[in-house]
Amino acid sequence: MSPRADRGARYRLAAERLRLYGASVPLYAAQVEAALVSVKPRDEAEAGGLAELRAAYEELGAGIDPGRVSLDLRPRTWLPALEPRRTNPTSGGAGMFERQMDVLAHVPVPPPDIAFHFVEPAYTRRGHFFDMESLGYVVLACWRHDHVVPGPRLVADPYRPSSIWLTMRVAGDGEAGVEIVNEAAPEPAAADVVLDVAISGPADRFGTGHRPRPSDLAISRGRVVAVGRDVGRARRQIDVSGLAVAPGFIDPHSHSDVVPFLAEPQPFKLLQGVTTEINGNCGFSVAPLDAARGREAAATLSGLMGNLPIEAWSFSEYLNAMAAAGPTNHLATLVGHSTLRMAVNGYERGLAGDALDQMRQLAYRAFADGAIGLSTGLIYPPGAYGDVDEIVALATVAHHHGRPYATHMRDEGAGLEQALDEAAEIATRARVRLQISHCKAAGRSNHGKSELLLRKLHAARITGVDVRGDAYPYLAGGTAMSALVPPEALENDPALEGLSDPAERGRLRSIAEDAARTTGTGLWRDTVPQAVCIMKHTRSDIVGRTLADVASDRDPWDVACELIRTDPSSQIVITMMAEDDVRRILADPLIGIGSDNGVPTGLEHPRTWGCFPHFLGRYVRELRVVDWPEAIRKMTSAPAGQFGLSGRGWLGVGAIADICVFDPATVGHAGTYQQPDVAPTGLPYVLLEGHVVVDSGDFTAERRGRVLRAEGDATSFG
Ligand SMILES: [Zn+2]
């Protein structure tokens, strides 16, 4: 809906906001007053909206003190920051900005240049460089989703920002939205700095969603030290003429938890331009398992994760083990709810006595050790047994550490709406940022529900939930074959003996096919046997074949149960999405790109080797689902902001020099479900903290990645 289509709606929303915040936000009230005085309604709808706004304003009456803050809307006016925190249940800063922008949204003809100057520590999230583009989303929310042109912020010292300066252009009537019109003047590097790498030549440099700017970069000791023209001579000159330079991509949804332990360094993400992965998704992290049932859980997890040896590590021991093994790219890790549950309570449905307390303590220590957030996978046992209260209890621990909550929701098909409500409820009650993992509308009967999903995300955002999501650009997902059957098949029976009993199989089937149930069915009803391809199984003769093919004239349900029982860690790729839904989801500004990869050995979903270049080649260059700056923002500053990856996801002076150089004309991935492990094209250079690790398209075989530990002062454990 554009402001032009319904002018009344914007004033009704303003009235709503005024009732919510008015008395505590005199600046806002002042703008409402100005609008009431100066706006001449152009149609009945607008007149109606204004009348409602007037009513709300008069209701507030004496509570308003417009004189306390005056606003002079000349070009380059400074708007003081409004009250932080009290007004937003999740992140304070973002809500504050929303109301600043509301002010502008109600100015009939905003001046062309308005500068904001915030001196507000809430914006820095305890030293974290607050993500400019997340402010862009808030603007988006209050400007009716019509546009998004977020841009880079300008800070004097990106490591200790005490203030953020933005210069924006606000176009008349809100059509063009908010655009950065100013950027820091290019700074030459100090004369005595030895430049390790200079990236130069006419190329587009992408940052945080703004239009690309041609400029050179100089790197010294792992940081960008100069941006602009003629940045100086370096030990290594990289000519990027005709290419594009972007921050290294960040994959917020990885399952590379054990990849560093493989004997050979694994460049499968670097070759896609990905410099940082976030692991521990879908409720399963490798640690912490240093609790009562830890050893048992380690054996089960090892089965889930390619049979690589997993020990009963504490979170910190796990991170140390990864660091010692030497990751190929940077890795940050979420702590998984299923892992916490397995460590203290095994696979049982009900929680024993003080199990929740123990889980909370394990989570607390994991966050203190550097876990970057909390994850759940609410279709997989034992996480699936957790109810809202249990997850809120754990997410509240995440809140105390300022960490987000990422969820593979309880249902992505028939029960999508309830699952989204549950996620928003958890985020609201625990006051955490929310990441909806691998957003999709799964199952033939749910195609089209991408609209519902996005509508609910935007609605949640307007009510104050700092929510985003990620998605992979494919019609098929990949998961454990056991996800086909109801999660309860595994309850107290991780060996799945029950699946060999015809009566039990029949009982499970009636649940799996029960159209009236919204959760707990498994994925069986969302697919057909021809669309289930077996990727990993101890029976090598069936790998690469569909379930329908393997079943032949037998009942596919019985065959699936048998295959799951004989290899509980078997993996499938399963087609369950519609192209329209995938495109709609990828186009939405709240959605970033997450691969949901597996371990890059054997047959895997092609997303493991090609998610990011496939998105760029197919969905950006060919289908133009979004433009290039927006595509890059989805893969860089968006996840960096959500997961608090300070210094990464943007490219300017002071940024960590994780860099990806790609060719917009050729970037892509030709991998297929039958032959997925082909190298991407059009990604000639990748740098990790200034080290060239992909050089002219080839991996240098160095293990230059680091284990990233979240920092932040935890408050008391309560
Ligand atoms: Zn998942």
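Reader: Why does R505 count as buried?

Author: Buried means under 20% relative accessible area, with exposed over 50% and partly exposed in between (1.4 Å probe, protein chains only). R505 comes in at 13% relative accessibility, so it goes into the buried class. Before we go on: this is a predicted model, where local features need pLDDT of at least 70 and side-chain atom pairs count only at pLDDT 80 or more, while totals for chains, interfaces and linings use all residues. Residues are numbered from 1 along each chain as its sequence is written, and side-chain values use heavy atoms, with hydrogens and water left out.

Reader: What does R505 touch?

Author: R505 sits in helix 13; helices here are DSSP runs of H or I with at least four residues, strands are runs of E with at least two, and both are numbered from the N terminus. A contact needs heavy atoms within 4.5 Å. By that test, and not counting residues up to four places away in sequence, R505 touches G498, L499, S500, W557, D558, C561 and E562. Of these, W557 and C561 are among the buried residues of helix 15 (residues 556-566), and helix 13 (502-512) is one of the elements covering that buried set. Strand 21 (532-536) and helix 14 (547-551) are also part of the cover.

Reader: What makes D555 a cap for helix 15?

Author: A side-chain oxygen of D555 lies 2.8 Å from the backbone nitrogen of W557, at the N-terminal end of helix 15. A polar contact is a pair of N or O atoms within 3.5 Å; within protein, one must be able to donate a hydrogen and the other to accept it, and residues adjacent in sequence count only if both atoms are side-chain atoms.

Reader: How do you know which residues hold the zinc ion?

Author: Donors are N, O and S atoms within 2.8 Å of the metal (3.2 Å for Na, K and Ca). C282 (SG), H408 (ND1) and H438 (NE2) coordinate the zinc ion at 2.0 to 2.2 Å, so they pass. Water is not among the atoms, so a site may look incomplete. Along the sequence, the donors are spaced C-x125-H-x29-H. The two histidines, 30 residues apart, link distant parts of the chain: H408 is in strand 17 (residues 405-408), and H438 is in the loop between strand 18 (434-436) and helix 12 (450-462).

Reader: What about R410, buried or exposed?

Author: R410, in the loop between strand 17 and helix 11 (416-430), has a relative accessible area of 16%, so it counts as buried. Its side chain reaches the backbone oxygen of G386 at 2.6 Å, and a polar atom of that side chain lies 3.0 Å from the backbone oxygen of A384.

Reader: And S595, what is its relative accessible area?

Author: S595 has 0%, so it is buried. S595 lies in the loop between strand 23 (591-593) and helix 17 (607-622), and its side chain reaches the backbone nitrogen of N597 at 3.2 Å. S595 and H255 are 340 residues apart in sequence but 8.7 Å apart in space, C-alpha to C-alpha.

Reader: What makes a group of residues a nonpolar core?

Author: It has to be a set of buried Ala, Val, Leu, Ile, Met, Phe, Trp, Tyr and Cys residues joined through side-chain atoms within 4.5 Å. The largest one here has 126 residues, and those with the most contacts inside it include F249, L374 and F662. Domain 2 (249-480 + 578-711) and domain 3 (481-575) both contribute residues, so this core lies between them; the bounds come from an automatic or database domain assignment. Apart from it there is another core of 20 residues, among them L217 and W650.

Reader: How many disulfides turn up?

Author: Zero, across the whole structure. To qualify, a pair of cysteine sulfur atoms must be within 2.5 Å.
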